Amino acid sequence: IKSIVSNDIEFDEKGQIYILTGPNNGGKTVFLVSVGMAQILSQLGMLIPAKAIEISPVDHIYVHFPKYSANENTGRLEDECIRIKQIFGSINKYSLCLFDETFSSTDSEEGCLLAFEILRAIRNYGAYAIFGTHFHHLSRRIDEAKEDGECDGFDYLNAGILNGKHRTYKITRGKPEGKSFASDIAAKYGLSYDSLISK
């Protein structure tokens, strides 16, 4: 049995909305699920898989995770937009939002723009959020907005990796590294040109 990697999360004035980046298979989705479970179990008064916890109750936990089978009448992106619009029908300052790979069904430039818009809206409502993504340039857009006096309360979380190969599954607060390290996973399964053409 591999050792359990524990992680911390703290929402504060500088980190009301987190952009979570890091390598593929680096633990981002598990981290998002764990935050949601800890919040739910705590509010139910149940045992929590944590060394310590201090929470403020939320009225809703809104989750937006990949849904690979879209409605038969809509494409995946349209389906995502419908689901997100429903979230904004009742979001408020007592809400917690957990997003994973949202807008990954479109190109990164447009997906980044859409993500930036909804994150600014979440901030406007005063809600808390973690947005897991491979849109590394989203952080640049947010930094530019911070320089213009916008996007206060945004910060970054990173899933750790050693030497570009070994996932640590440790989530730390700080600037994103800017890579998803997908190529090493592809190489693991022989998805290189030379491997694919060899018999």
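Predicted model: local features only at pLDDT ≥ 70, side-chain atom pairs only at ≥ 80, totals over all residues.

Me: How many residues apart in sequence are the parts that the pair of Arg173 and Asp12 ties together?
Reply: The two side chains form a salt bridge, with 3.0 Å between the closest N and O atoms. Because Arg173 belongs to strand β6 (residues 166-173) whereas Asp12 belongs to the segment before β1 (17-21), the pair ties together parts whose separation in sequence is 161 residues.

Me: Is Asp155 buried or exposed?
Reply: Asp155 is found in strand β5 (residues 154-162), and its contacts, leaving aside neighbours within four places in sequence, are Lys14, Gly15, Ile17, Tyr18, Ile19 and Arg173. The cut-off for burial is under 20% relative accessible area. Since the value for Asp155 is 17%, the residue is buried.

Me: Which residues form one aromatic cluster?
Reply: A search of the whole structure finds 4 aromatic pairs; in one of them, the rings of Phe11 and Tyr18 have centres 5.7 Å apart and planes at 55°, so that this pair is tilted. Tyr18 counts as buried at 1% relative accessibility, while Phe11 counts as partly exposed at 27%. The cluster consists of Phe11, Tyr18 and Tyr128.

Me: What is the distance between the closest N and O atoms in the salt bridge of Arg120 with Glu150?
Reply: Arg120 lies in helix α3 and Glu150 in the loop between α4 (137-147) and β5, so the pair ties together parts 30 residues apart in sequence. Both residues count as partly exposed, Arg120 with a relative accessible area of 34% and Glu150 at 37%. A salt bridge requires the nitrogen and the carboxyl oxygen to lie within 4 Å, and the closest N and O atoms of this pair are apart by 4.0 Å.

Me: Over the ring of which residue does the charged end of Arg141 sit?
Reply: The distance to consider is that from the charged end of Arg141 to the ring centre, which is 5.6 Å. The ring in question belongs to Phe116.

Methods:
Residues numbered from 1 in each chain as written. Heavy atoms only, no water. Helix = DSSP H or I, 4+ residues; strand = E, 2+ residues; numbered from the N terminus. Buried < 20%, exposed > 50% of the residue type's maximum accessible area, 1.4 Å probe, protein only. Contact = heavy atoms within 4.5 Å. Phe/Tyr/Trp six-rings, centres within 6.5 Å; stacked < 30°, edge-to-face > 60°. Lys NZ or Arg CZ within 6 Å of the ring centre and 35° of its normal.
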